[in-house]
Amino acid sequence: MGRALLVVVILMSTIFAAIVVSMQKNLLKIPDIITYNMVRREAENVSDFALRKAVARASFLGASINPTYVTNMTESYNNLTIGSTTIDSVRFSFNTSTQKFRAVSYVRGEKQGITLPYQAEIAFNFPISQIMGTPNCFYYEFNQPQFLGANEYIRDSSPNQNTGEPMNHLQTRPHGGADSWKYAYFDGVDDYIRREDHPSLRLSGELTLVVFAKIDQGRTTSSLVWIPSNPYDTGVPTVNGPGHNLRYKPTAGIWFTSSPKQINFGVTHENNVLTVATFPFVPDGKWPHNKDPWHFFAMTYNRNTRLLKGYYNGLLVTTVTATTPTPVKENTYGFQVGRRDIRVLGSGGNSEYMYMKGGLDQGGLWNRELSAAEIFGFYYGVINPADVLYIRD
């Protein structure tokens, strides 16, 4: 009986020891499992970003292909790394005869010795014939890593590389942009973006300015985009200006004022006259702004017709005929986003800057007048870029 009991004890001890050893081995795998899950989650997010960009990019790639058969195309990236994940390439398939498109993203995550290839795809459709392109002078989409503390410039999606400089505490906020990705958040105190002069920014006979905005409901003023005519000019003639207070008159600009509550669309002409078209607007932005609707504002000016037009959510809402057929005032001071560019303050002090409080997204400038259909096409293309047929990830 004693021997049998001893054998049972030995067997139980052996089994228990094996269980403990197995548990210890599995516990040692936990760090790798955690790392793997982190890599996979980040790869999923980066792949989602790549597919979103692919949908936007497809309109330009597909515009030049033969519409009678399927075309395959691959865009490879050179070490485009976000966090610990690298986008290697995106492969497109186009069949424009049926207005159907497909994009496949190839990314890989790498962390602590673990490499995880990740592939996802999306199929979608939209009428490529209605796509007119994005702003050609500058175009800030704000779909990039955080500005704050990252020594990061605002990337320009136009061909001109007119990168902007984020000032003070400007930052991006994720998953809430007009295009369902990121957007720039302005604190209303001292945040803004500045860009110095470049020949590609010069305006003359025609222009189109666009931006999406969430303006804080408590604001009395907010500047969305301001292209200065002469930020040094006061009411007294000086070496820097003719004395027409051009610091308050943009070559082109969109800004909000509260008395009365309205959006102002303005251009200043060569003869120093400011033409403004207005649209009644009550801000509804409320921190943290993730539930706020996006409001789209656009303005066009054409010297030949002398018409200054303002658009809200893709539709024409105001038109003013300028009293002068002259071109807009020459702009040689770049532009600012989120405040007025004033370099000689008046009695109003810092309040004259009209700092933006809230969010801005998808802001840009064309050096031509877009038609009403093109304005609506840009607006709709941002908020609803495609009809998704399926997503696989």
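Student: In what sense do S10 and S15 pair, and over how many bridges?

Tutor: This is a predicted model, so the reading applies to predicted coordinates. For a pair of strands one reads the sense and the number of bridges: S10 and S15 pair in the antiparallel sense over eight bridges, and within that pairing Leu 209 stands opposite Met 299 in S15.

Student: Which strand pairs with S15 over six bridges?

Tutor: That is strand S16, residues 307–312, again in the antiparallel sense. In this pairing Phe 297 has Tyr 312 of S16 as its bridge partner. S15 and S16 also form a hairpin, with four residues between them, and in the turn Arg 306 has a positive phi of about 65°.

Student: Where is Gly 205 found, and with which residues is it in contact beyond its neighbours within four places in sequence?

Tutor: Gly 205 is found in the loop between strand S9 (192–195) and strand S10 (206–215). Leaving aside its neighbours within four places in sequence, Gly 205 is in contact with Tyr 301, Asn 302 and Arg 303. The C-alpha atoms of Gly 205 and Arg 303 are separated by 4.9 Å, although these residues are 98 apart along the chain. Across the protein chain, 63% of the contacts with a separation of 6 or more are between residues 24 or more positions apart.

Student: What is the order of the strands in the open sheet of seven strands?

Tutor: The order is S6-S9-S18-S11-S12-S13-S14, and the pairing is antiparallel. Strand S6 (165–167) and strand S14 (274–280) are the edge strands, each pairing on one side only. From one strand to the next, the twist averages 20°. Within this order, strand S12 (residues 250–258) and strand S13 (residues 261–268) pair over seven bridges, with Ile 263 in S13 as the bridge partner of Phe 256. The protein chain comes to two helices and 20 strands.

Student: How many aromatic pairs are found in the whole structure, and how is such a pair described?

Tutor: A pair of aromatic rings is described by the distance of the centres and the angle of the planes. A search of the whole structure finds 26 aromatic pairs. For Phe 138 and Tyr 140, the ring centres are 5.2 Å apart and the planes are at 55°, so the pair is tilted; both of these residues are buried. Ring pairs also link Tyr 139, Phe 212, Phe 296, Trp 366, Phe 376, Phe 378, Tyr 379 and Tyr 380 into a cluster.

Student: Over which ring does the charged end of Arg 91 sit?

Tutor: The charged end of Arg 91 sits over the ring of Tyr 106, 4.5 Å from the ring centre. Another case is Arg 339, which lies over the face of Tyr 353 at 4.0 Å from the ring centre.

Note on methods
Residues numbered from 1 in each chain as written. Predicted model: local features only at pLDDT ≥ 70, side-chain atom pairs only at ≥ 80, totals over all residues. Heavy atoms only, no water. Contact = heavy atoms within 4.5 Å. Pairing = 2+ DSSP bridges. Axes fitted to C-alpha atoms, helices over the stretch in contact; angles between N-to-C directions. Phe/Tyr/Trp six-rings, centres within 6.5 Å; stacked < 30°, edge-to-face > 60°. Buried < 20%, exposed > 50% of the residue type's maximum accessible area, 1.4 Å probe, protein only. Lys NZ or Arg CZ within 6 Å of the ring centre and 35° of its normal.
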